[in-house]
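Trainee: I have not looked at this one before. Can you take me through a few of its features?
Mentor: Fine. Here it is.

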Amino acid sequence: QYWMVPLLMGMAGGIHQFRKNRKDFLTVCIFFLVTGALLAVYLNAPPTEPRERDYIYVGSFIAYCVWIGLGISAIGNIGATNKKFFYILPVVGLAVPAWMAWQNFDDHDRSDRTFQIDNARNLLQSCAPYSILFTGGDNDTFPLWYLQEVEGCRTDVRVMVLSYLNTDWYINQLRRQYYKSQAFKLSLSEKDYLQYGPNDVLYVQEAIKGGIDAKKYLDLLHDEHPALRKYSPNGEPYSIIPSRLLKLPAFSLDKPGLLVKDTSAHRNEVELSVKGSYLPKNALALVDLIISNEWTRPIYFNFTSQNQIDLNITPYLVQEGLVYRLMPVKNESNEVEADTDLMYKNLIANADYKNLLLSDIYLNTEDYQIRMVEPLRSAFNELAVGLVNEGKEKKALAVLDRAIQTLYPAHLKPSFSNLQAAEILLDLGQTTSAVNLSAAVFDSSYPEVESSLLKGEKVEQLPLFLLQQSSSLLARADRLEYASKLEGLRLVSN
C-alpha cells in the first residue's frame, strides 16, 4: 500500500516541469509514452504470461522517476521560500522510498526460502543414472541447472528444456559430453536440424494409414528422399511425414534398468502418434534420441513438459514421483501408470519438505504453490490411489498422513488436491482428516463467491466449483452445515 504518494509526487513533478520548461517536459513525456502505453499497444502481449513482464516497460518507469524527483524538487523550492516547509524536502525524500521498501520487503525477502532448491534436488535424485530429463521452461529448469553448475549435484543427468529443443544449436549440444553426462547419439546430422531448414516443421500428409517405421523414416529424411520433400509457392523446400503414426524399433526389458533389442515378435513395439497437423523439431529430436540410443539412456519428463510434446506418449509413461519415465512397454490402461515402489522412495523416503512448514517464509501462489506444491500434492494422491489399488491400504494412509503433515499447512492455500485426498480418505474411513481438508477448501472459497454475489458481479468458475465439490464431500461425512451455507448463497444469487 503506497497511499498513491509516488503517483502524486510524479504528477506534481510533471506539472512543475511543464510550467518551468515545456521543451524538457515534452521530451520526458514522449519517452514515457513510447516506452509505456505505446509499447503495450505495439507488443500486444497475451493476457497470460509465465511471469510478470514489467521489465518491458522499464523505460517508462525511469521517465516517471524523473518526474518524482522533480516533484521532490518542487517541494524543496517551497521550503526555500517558506521556512515552515523547510524540513518537508528531506522528510518526504526519505520517507517515501523508506515506506515503499517497507511495503515490498516481505514480498521479496528470500532469506531461508530453500524449497525451490530442495524440490529440484528431489527431482534430480529421482532420475536413473545417466538419464535425460526434459523440462517445460525457465521456472522449472533454472533450479536444476543451479544444482548441477554450482553444487555439482547429479551432473550425470542431462537436463533439457523441451521448448529450446526446437533450435538447431540446442539439439547439437546433445552430441557433446556435459560433466558426467556422456554425449548422446543422433541419427540425423547437424545439417538435418538446420534452423529455418526444411525439417523445422514436418507436415502430416496421411498417405500411409497403418503407420511407418520411424527408423527408416529418419534414414530417408537424412537422405533427402524426394518423396518426403515438398515446395512452397515461393520455392522454399519443406519436409512431410507420410503418416500420423510412428513405429519405433522393438526392444524388451532384459533385466531391471537395462534395455536390449528384442529379436522376437514386435510385442514391445512402440507406436507414437502425432497429435496435431505437424511434427515440430523437438518431437523429431525425441524420436531420434529414442531410436539412436536404443533405450539405453533413460528418458524422463517433468510435470510441465509431459503435456508439451506433440506426440502421444501418455500410454508409455510411468510415474516415478515427480518424474515420468518413458518406457518401451505400453500401459494396459492406455494412461500414465504409477510405479508405487519408486514413487514411495522418491516422494517419501528421499525427499525433503521441511522448508514448507515455515509459516514466516513467503511462497507466492503462482511460482511456488501452483508450480511446485500442487504437482507434489497430486503426486502424493496418485501414489495413494496406486497403493489402494494394490491392496496396500495401510501404506496409502501413511502416504496421506505424510502429505497432510508436510503439504497442507495452514499458511498454504487449499486447492483441488485437498478434495482428491479427502475423497481417498473418506473411502478409507478416515472421516476427520477428510473433513479438515474439505473444510479448508470450503472456507477459502466461500468469501470470494459470497463477495461476488453480494456485489452483483459474475462469480468465477473455479471458486464456485471448489465450493460445490467440497460441500458434497462434507455432506458425505454428515457435515450438513456446509450444504446449508451453500444453499444460503443460492438464495442470495436468486
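Mentor: Start with Arg479 and Glu481, whose side chains meet in a salt bridge at 2.7 Å, N to O. A salt bridge here is a side-chain nitrogen of Lys or Arg within 4 Å of a carboxyl oxygen of Asp or Glu. As for the source, this is a predicted model, in which local features need pLDDT of at least 70 and side-chain atom pairs count only at pLDDT 80 or more, while totals for chains, interfaces and linings use all residues. Residues are numbered from 1 along each chain as its sequence is written, and side-chain values use heavy atoms, with hydrogens and water left out.

Trainee: Is Arg479 buried, partly exposed or exposed?
Mentor: Arg479 is partly exposed, at 30% relative accessibility. Glu481 is partly exposed too, with a relative accessible area of 38%. Buried means under 20% relative accessible area, exposed over 50%, and partly exposed in between, using a 1.4 Å probe and protein chains only.

Trainee: Which residues do salt bridges with shared partners join into one network?
Mentor: Asp118, Arg121 and Glu151.

Trainee: How many salt bridges does the rule give?
Mentor: The count comes to 14. One of them pairs Lys191 with Glu224, at 3.4 Å from N to O.

Trainee: Where do Lys191 and Glu224 sit in the chain?
Mentor: They link distant parts of the chain, 33 residues apart. Lys191 is in the loop between helix H8 (168-172) and E3, and Glu224 is in the loop between helix H9 (214-222) and E5. Helices (H or I, at least four residues) and strands (E, at least two) are DSSP runs, numbered from the N terminus. Lys191 is exposed, with a relative accessible area of 60%, whereas Glu224 is partly exposed at 37%.

Trainee: What does Arg377 pair with?
Mentor: Arg377 forms a salt bridge with Glu374, with the closest N and O atoms 3.9 Å apart. Both lie in helix H12 (residues 365-389), three residues apart, which is about one turn of the helix. Arg377 is buried, at 2% relative accessible area.

Trainee: Strands next. What does E6 pair with?
Mentor: Strand E5 (residues 229-231) is joined to E6 by three bridges, and the two run antiparallel. Strand E3 (residues 201-204) runs parallel to E6 (residues 237-241), with two bridges between them. Two strands pair if DSSP finds at least two bridges between them.

Trainee: Which residues face each other there?
Mentor: Tyr203 stands opposite Ile240 in E6, and Lys230 has Tyr238 in E6 as its bridge partner. E5 and E6 also form a hairpin, with five residues between them. In the turn, Gly235 has a positive phi of about 90°.

Trainee: And what is the order of the six strands in the open sheet?
Mentor: The order is E2-E1-E12-E14-E13-E15, with mixed pairing. Strand E2 (158-161) and strand E15 (337-338) are the edge strands, each pairing on one side only. E15 pairs with strand E13 (residues 317-319) in the parallel sense over two bridges, and Gln319 stands opposite Ala338 in E15.

Trainee: Last topic, helices. How do H15 and H16 cross?
Mentor: The axes of helix H15 (residues 431-454) and helix H16 (residues 461-476) come within 8 Å and cross at roughly 145°. Axes are lines fitted to C-alpha atoms, for helices over the stretch in contact, and angles run from 0 to 180 degrees between N-to-C directions.
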